[in-house]
There are 2 protein chains.
Amino acid sequence: MGKHKVIFQPSGRRGEIEEGKTVLDASRELGVEIESLCGGNRACGKCRIKLEEGTYEKYGITSSSQHLSAFSDEEGKFITPEEKGEGYRLSCVAEITGDVLIFIPEESRAEKQVIRKAATDRRIELNPAIRLYYVELIPPTFQDPLGDFERLKNALLEKVHLPSLNIAYDTLLNLSRALRKGKWKVTVAVWMDREIIDVKPGRVEEAYGVAVDVGTTTVAAYLCNLQTGKLVSTHAMMNPQVIFGEDVMSRITFVMAHPEDGLERMHRSIIDGLNQLLQEMTRENNLQPEDILELVVVGNTAMHHLFLNIHPEYIGVSPFTPAIHHSIDVKARDLGINVHPAANVHVLPVEAGFVGADNVGVLIAEEPDRQDDMVLIIDVGTNGELVMGNRNLLVSSSCATGPALEGAHIKFGMRAAPGAIERIQVNPETLDVNFKVIGQDLWNLEQKVATAKGICGSGIIDGMAELYRAGIIDRSGRFNRDVPSPRFRLSDGKPEFVIAWKEETSIGREITITQQDVRSVQLAKGALYTGAKLMMQRLGIERLDRVILAGAFGSYIDPEKAMVLGMFPDCDLKKVYAVGNAAGDGARIALLNRDKRKEADEIARKVEYIELTIETDFQMAFMEAMQIPHMTDPFPHLKGIVPDRILNP
Amino acid sequence: MGKHKVIFQPSGRRGEIEEGKTVLDASRELGVEIESLCGGNRACGKCRIKLEEGTYEKYGITSSSQHLSAFSDEEGKFITPEEKGEGYRLSCVAEITGDVLIFIPEESRAEKQVIRKAATDRRIELNPAIRLYYVELIPPTFQDPLGDFERLKNALLEKVHLPSLNIAYDTLLNLSRALRKGKWKVTVAVWMDREIIDVKPGRVEEAYGVAVDVGTTTVAAYLCNLQTGKLVSTHAMMNPQVIFGEDVMSRITFVMAHPEDGLERMHRSIIDGLNQLLQEMTRENNLQPEDILELVVVGNTAMHHLFLNIHPEYIGVSPFTPAIHHSIDVKARDLGINVHPAANVHVLPVEAGFVGADNVGVLIAEEPDRQDDMVLIIDVGTNGELVMGNRNLLVSSSCATGPALEGAHIKFGMRAAPGAIERIQVNPETLDVNFKVIGQDLWNLEQKVATAKGICGSGIIDGMAELYRAGIIDRSGRFNRDVPSPRFRLSDGKPEFVIAWKEETSIGREITITQQDVRSVQLAKGALYTGAKLMMQRLGIERLDRVILAGAFGSYIDPEKAMVLGMFPDCDLKKVYAVGNAAGDGARIALLNRDKRKEADEIARKVEYIELTIETDFQMAFMEAMQIPHMTDPFPHLKGIVPDRILNP
C-alpha cells in the first residue's frame, strides 16, 4: 500500500496519492480538472489521459505503465490499440500503483461548461410568496405582559390585514431574542400571508429566493431578489446523480436494483450537490445560505420524486403513476437543504409519469393555454417533453431522446464548453467544411487557428443537416460511399467524415462525424418527430401554427437545420423559435409570483397526457421518422417552408 | 484503572464496575435501585448507602473504606460523624476504587412511586383530532393514470367532505407502497380534517394518542385509544431535568448559566426521557411507538418552553413574558420525539410567564368559566398555580411553593411510595402518635408492625396540623419546649418531634418532624395563602364559594388539615375537594376532543394574570400568612368552618 507521487501535465500539479485510487480521483484531489461526462462511471470515455513513461530526474520519479493497474477491457471500448500503445488510458479506470507522470490531452481538459440553462429575460409581475414587513412594537410591561408572538402578531395586524398568521417552529425558537436585539423594531418575513418565517432585528430591505431546475443532466439555480424581482445570479452544475445513470430510466433502475440504500443515495446526491451550489452561489454574492427564504423547484417526474425522496418505482412501470401531481410545500430542512431554517421549498406540480414539473414550468412561462394558435412546445433535454394545444385543449407527451442531443454518446461529442464546434457548414460543391467554435468569434476558415476540441449537441445537428444537404448521407442516414472527398473515409471499416483536420484541432487528432453518431441523432429526432405527429393525430390537426423550442439545447440549434432533419412536423419557419430554459424560467416566475403557482396546479390538471408507446402505430411511425425528409422529391411538409437554397442547392 | 467487584446487599446483585464510577452509577449498571430524588445531583441526601467492611470469602473480596474515594464535605452535610463511622456514604458521591460490598438501607431503596398523577375518571365527549377512514380505490390504468395522492383524495372526497386535504411529507413518502400493499384498500388517518398523516394497508380499527403532563418533578403520560376514548394506560417518570435543578427558577438559571449548551441539554433530557417513557408504555401494551398518531402536551410555562426548545430566559426576568401564548402544533419529529413520523404534538396555550399550559389543562377540565360559583383552584406541584373567578372574570397567579409539599427538603421526606407515612394523628392529651403508611391498610397502632421509611407530602401536612392542634408547635410554627413527652427532643440543639419510634420503622432510626421541616411547609403554605388572599382583594370578594385542589398532592391531603394550617382562605369545608391531576386530565380531554383545544386558546386569552410579587402589600401579607391560624382565640376565617373538635379539643 502506501502513497505514490503523481504529477499532472501540462499544469504541473503534483502530490502524494494513495495506492489504489484512480487517476480521476487523483486529479480531483490535486485540483486538476479532467472532463468526465458520466461522472467517473466508465460510460462516456471522455476522461482519457496519457501516461508518460520514463525517468524524470527533475521530479525524482520513474513513470511506467507498470505503475498503473493493467489495461482493462472497459478501456478497450474507448481506446484503440494504437492509442493504447501511445499510453492512453481512461482516468476513471486506471488505478495508481506507483509513481506516474500523467499528461492530460487537450480534449480531456475540463473547462467550465457554458451554462446552457441561462435565464431568459422575461417581464415577470412581482407578487412573491415572501413579503417583508417592518414593524415597531411596544415593549411588554407588568401591565401588558403579552407574549412575544402575540405582540408581534398584533403589530402586524395593525399594519396589514393578515388574520390567520402562524409562525414557523424554527422561527419561534429565535423570536424572543430577535425582538429584544432589535429593541422591539424588527423586519418580519411572511410566507403566503400566513406563516412568519423570519424575524430580523431592525430594518431589512432585502429578501432572496432561488428557483431551481433539476435537469437529468444539468441542475440550474437562479438566485433572485424577492423585493425587486431582479435575477442576481445564475449557477449550474452537473446533476450529481449522473454517476448512477445517465437518463431517467437508468436512475429508476438503479434505485430499484439497490433496495437497501439506492433511493437514499440518489436523494442525498442531489441534495448535497444543491447545497454546494447554493453555498457557492450565496458566497459569490456576499450572502449566506440562511439568506435564502424560499426555493421553487422544477424537474421531470423522476427528478421530482428523487428530489423529494419519494421512491420512483411506480413511475417506472406501467401505468406510470406518480405519487402526487399537486404542487407541494416542504420545509427545506426536512429535505436536508441548508438555507434559512424555516424556508419552504415549493415544488411545482407534475403532469404525468414522464411529464413533470419542468414541463409545468414551461407552460406557465409560455402560456399556450391562453392562446388561439395551435402550438407545439418541445423541451429537449436528456428526456424530451412535448406539449401541444391551445386555450381549448392541451396534450402532453414524452419521449426518450437520450443524451445524444447533449453531445454524449457521440464520438467527439462534448459539452457546450469552450472548444466545442457549435456550427458547421459544408460546401455542397467542394464538400469543404467551415465551422465555428465556442469561445471564438470568427469561423475556422476566417482565422485558421487550430482550436477545436469536439462537437457539442447543436454542432451535431448542424453537421448532420449539412451532410445530408451535401448528399454525403442519404435519407436513411447512411453514408454515401462514393463521396469524392478526402474527408470521407473508413475507420475500422466504418464510414466517417472529417469535420476538422488534425491541425485545426487542439487535440492532435481529426474530429469526425461517424455513422454511429448519425444513428444516435436519428434515434433522438425520430422520437421527437413521432411524438409530435401522434399528438397531432390525437388532436385531429393537420398543421401547427407555432413551434417553440424550449430547453437549453433548443436555444442553440438552428431551427432551419432542425427542420431539415425533420426533428418536428412542418411549420412556418418564421414561427419556429427558441425560448431558452423555459422550465427554469417557469420556476423563477413561480418564485416571484405566487399567483402563478395556482395557475401551475390548474394547468397541470388540465393537460392530458398521452402515453405514446401504447399508441398502436407508434413503432411504424417511429421507423418512418428516423428517416431524414426527402429533398429532391420534395417531402410535403417542407414545401414552401424550407428555403430554396436547401431544396435546390 | 481497571474494574472492581461490586456487590449490593440485600439483593445480592453483583458485577464488575469500572474504577472511578460512583456507587449510584454502579447500582444502575447492576439494576439495583437506589432512591435519588435529585437524580444524582448531590442535592437531596436520599441516596445513602452503607459500606460493609471486611473480608467476604464467599465472594472472594475484601471490602474496605479504602476501596471508595475519600469521604467528602458534601457527604458531611447529610451524614453525621457517627453515621460516617458506621460506614454511611452518599452513593452519588462515593467513587469505586476497589472491591466493595455495599448495603442499601431500607430508606434508600427506591420503590416504584405511587403515581400521584393518575387520571381521574371523567366523562369526555369523543371528538378527536385524528379520524380513521377506510377507503377502497380503483387502481390506475393507462386511461386513468391519476397520481396516488389525488386518487386517494378523490376517494376520500366521495366518502366524506374534506375539501382542503393535504398529506404530511413523511406520509407521502410511503403512500405509493401502502396503496399497493393494501391492493388499493387502505385506512387513512386524517388530522384535523386537513392532513393525511397515515395510510395503512387494509382495514385498521385502532388509533392511539398520548396526553403528556410535563411536571417540574413528575412527567405523566396517558395512552388513549382515539377511537373509543378509552384510557389504555398511565405511566409516570421523574422529569429527568431535575438533575439540572429542582424547581422552575433553578432550571432557567441553569440554562442561562450555560449559554453554549444549557438549553440543548435541558431540552434533550426531557425529550429523551419522554421517548423512553413512550417506548415502555407502548411495549407494555403490545404497541409500537409508531402507533402513536398524536400527542397533547401540558406543562408550566418553563416546562413548555424547555420542551419546545425555546430559550426560557425572558420568562425568568421581569416582566416574565413567554415567547408565545397560543397553542402550537409541531411535528413530533421536529422535536425529536420518536412516534409516528408524521404525528403532530399539540401543546396547549400558556397564560403567562408562570401560569402555563398545565393550568390551562386544569381550566378546560374544571371549567370555572362556565360557573356562577366563585371558585379557587389550587394546583400544587413544585410550583403553585392559582386560578380564581367564575363565568364573569378569571384571574390567575403563581407562587413558588418549593418542593416541600412533595416531601423533598424535609428531613425524613420521601416520595409517595410504599413505606411513606401519609396520615398522622396526635392524641392531644397523651401526645401519643398514630400513623398510616402507604401500602398498608391498617394504622400503626392497630397492627404494630415496623414499616415506616419516611414521610410524604400529605403526611407532613397532616403531622403539622396535628402538632399545632396538640399545642406542640405554636402559631408561629415554633416548637413548645415544655412539651411533656419523650417524643419531643433536641437534636444538635434543634427541636424535633418523634413520629415513629425506631422499632416502628424499617430504617433503624426514629422518624421525626423537625423545626426546619415546619419552616419549609410554612413557607409553602404561606405563599399559597397570600396568593389567594391577594387575588380575592383584586376581585373585590370576601368569600370563596368553592376550593378545588388540583394536582397529585391535592388528592392526598386532608382538606380539613390543610385549612387548619391555613393553606387557603376560608370556605365551607363541604365545598373543598380534590380533583386529582386536572392538568393531565385537561391534556387528555384536549387529546380526545378537538373542540376543547379551541376552548383552551380562548380561556387562556381570557384569564388575567396577576404578578403577586409586585403587589405592594405582598411581603406583609406573606409574613402574616406564614403563621398558623389562631385557635383558642378563634381566627375569623375559621369561625363556623373548622369542626368543633378542632377548635375545642
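1. **Basis.** This is a predicted model, in which local features need pLDDT of at least 70, side-chain atom pairs count only at pLDDT 80 or more, and totals for chains, interfaces and linings use all residues. Residues are numbered from 1 along each chain as its sequence is written, chains are lettered from A and ligands numbered from 1 in the order in which they are written, and side-chain values use heavy atoms, with hydrogens and water left out.

2. **Extent of the interface.** Chain A brings 39 residues to the contact, and chain B brings 39 residues. Contact here means heavy atoms within 4.5 Å. Between them the chains bury about 3,500 Å², 63% of it on carbon and sulfur atoms. Buried area is the accessible area (1.4 Å probe) that two parts lose on being put together, summed over both. A:Phe142, A:Tyr169 and A:Tyr314 supply 19% of the area that chain A buries against chain B, more than any other three residues.

3. **Polar pairs across the interface.** There are 22 residue pairs in polar contact between chain A and chain B, both residues at pLDDT 80 or more. A polar contact is a pair of N or O atoms within 3.5 Å; within protein, one must be able to donate a hydrogen and the other to accept it, and residues adjacent in sequence count only if both atoms are side-chain atoms.

4. **What chain A presents.** Helix H4 (148-159), helix H5 (169-181), strand S16 (328-331) and helix H9 (332-335) of chain A each supply at least two residues of the side that touches chain B. H5(A) gives the most, with seven residues. Helices (H or I, at least four residues) and strands (E, at least two) are DSSP runs, numbered from the N terminus. By class, this side of chain A has 22 nonpolar, nine polar and eight charged residues. Ala, Val, Leu, Ile, Met, Phe, Trp, Tyr, Cys and Pro count as nonpolar, Asp, Glu, Lys and Arg as charged, and the others, Gly among them, as polar.

5. **Salt bridges between the chains.** Four salt bridges link chain A and chain B. The term means a side-chain nitrogen of Lys or Arg within 4 Å of a carboxyl oxygen of Asp or Glu. A:Arg333 meets B:Asp334 in one, at 2.8 Å, N to O. B:Arg177 and A:Glu313 form a salt bridge at 2.5 Å, N to O. B:Arg177 lies in helix H5 (residues 169-181) of chain B and A:Glu313 in the loop between helix H8 (301-308) and S16 of chain A, so the pair joins two chains. B:Arg177 is partly exposed at 45% relative accessibility, whereas A:Glu313 is buried at 12%. Buried means under 20% relative accessible area, exposed over 50%, partly exposed in between (1.4 Å probe, protein chains only).

6. **Salt bridges within a chain.** The structure holds 68 salt bridges over all chains. A:Arg423 and A:Asp462 pair at 3.8 Å, N to O. A:Arg423 lies in strand S21 (residues 420-426) and A:Asp462 in helix H12 (residues 457-469) of chain A, so the pair ties together parts that are 39 residues apart in sequence. A:Asp462 is buried, at 1% relative accessibility. A network of salt bridges links A:Arg423, A:Asp462, A:Glu466, A:Arg469 and A:Lys561.

7. **A loop residue to check.** B:Asn390 sits in the loop between strand S19 (384-389) and S20 of chain B. B:Asn390 is buried, with a relative accessible area of 9%. Its side chain reaches the backbone oxygen of B:Asp372 at 3.2 Å. A polar atom of that side chain also lies 2.9 Å from the backbone nitrogen of B:Asn392. Beyond neighbours within four places in sequence, the contacts of B:Asn390 include B:Pro368, B:Asp369 and B:Met374.
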